[in-house]
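I opened a new page for this protein. I looked up a few things in turn and noted what I found.

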Amino acid sequence: MFDFDDETQKLLRQLRKKPLLPDGEGTPVTYGTADVERLIPHRNPMRFVDGISAIDLEGRRISATRRLEPQDPVFTGHFPGQPVYPGVLQVESMGQAALCLTSFLTRKSIEIASDIEPPAVRALKIIFAQYFEPLFPGDALTLQASILEEDGMIAV
């Protein structure tokens, strides 16, 4: 199957039991779409984070939000008569939340500085994704991400 290091295996086991950033943990924030667009280069229709609700710099975790608008054209073709949000877009949403977290970790602050610019980054590999239930038009998502390790060039 997959050859994960011990720390990653431990995290994956933990995530099957509880959220990465449970309610009440981290610092609550209320950042909306305009704030998110200052942190990441994505724009509609490819921006999949609507807001940020909590940040934990010490634990290197973030909680963000996304609402699946019923009129999103993806639901027309995936699948006609039985609309389900595609897994690949769920992964992209989580990646964008992680990119927001990277911005805060780089500056060591949960504030969004006036001079901030979105970094030019690309995903290199998806290590693991698991889908517990389908997502439908109108669903509100809580996106959570954590940076396990980074070296200035690559982050896991």
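This is a predicted model: local features need pLDDT of at least 70, side-chain atom pairs count only at pLDDT 80 or more; totals for chains, interfaces and linings use all residues.

**Charges.** I found 16 positive and 22 negative charges in the protein, and their mean positions are 1 Å apart.

**Surface.** I then looked up the accessible surface of the protein, which comes to about 9,900 Å². Carbon and sulfur atoms hold 54% of that surface. I also noted that 33% of the 156 residues count as buried.

**Fold.** How many helices and strands are there in the protein? I noted four helices and four strands. Reading along the sequence, I wrote down the pattern α-β-α-β-β-α-α-β. The radius of gyration is 16 Å, close to the 15 Å that the globule rule gives for 156 residues, so the protein is as compact as a globular protein of that length. For the extent of the C-alpha trace along its principal axes, I have about 45 × 40 × 30 Å.

**Contacts along the chain.** I took the contacts between residues at least 6 apart in sequence. Of these, 69% join residues at least 24 apart.

**Helix α4.** I checked the span of helix α4, which covers residues 87-107. At 1.5 Å a residue, its 21 residues should span 30 Å. The end C-alpha atoms are 31 Å apart, which agrees. Just after α4, I noted that Lys 108 takes a positive phi of about 55°.

**Ser 103.** I stayed with helix α4, where Ser 103 is found.

**Pro 70.** I next looked up Pro 70, which is in the loop between β3 (61-67) and α3 (74-77). Its relative accessibility is 44%. Which residues is Pro 70 in contact with, leaving aside its neighbours within four places in sequence? I listed Phe 75, Pro 137 and Gly 138.

**A pair of prolines.** Last, I looked up Pro 70 together with Pro 118. The two are 48 residues apart along the chain, and their C-alpha atoms are separated by 29 Å.

Methods
Residues are numbered from 1 along each chain as its sequence is written. Side-chain values use heavy atoms; hydrogens and water are left out. Helices (H or I, at least four residues) and strands (E, at least two) are DSSP runs, numbered from the N terminus. The radius of gyration is taken over C-alpha atoms; the globule rule is 2.2 Å times the number of residues to the power 0.38. Buried means under 20% relative accessible area, exposed over 50%, partly exposed in between (1.4 Å probe, protein chains only). Contact means heavy atoms within 4.5 Å. Accessible areas come from the Shrake-Rupley method with a 1.4 Å probe; for residues, only the protein chains shown count as cover. Lys and Arg count as positive and Asp and Glu as negative; His and the chain ends are not counted. The place of a charge is taken as NZ of Lys, CZ of Arg, CG of Asp or CD of Glu. The expected span of a helix is 1.5 Å times one less than its number of residues.
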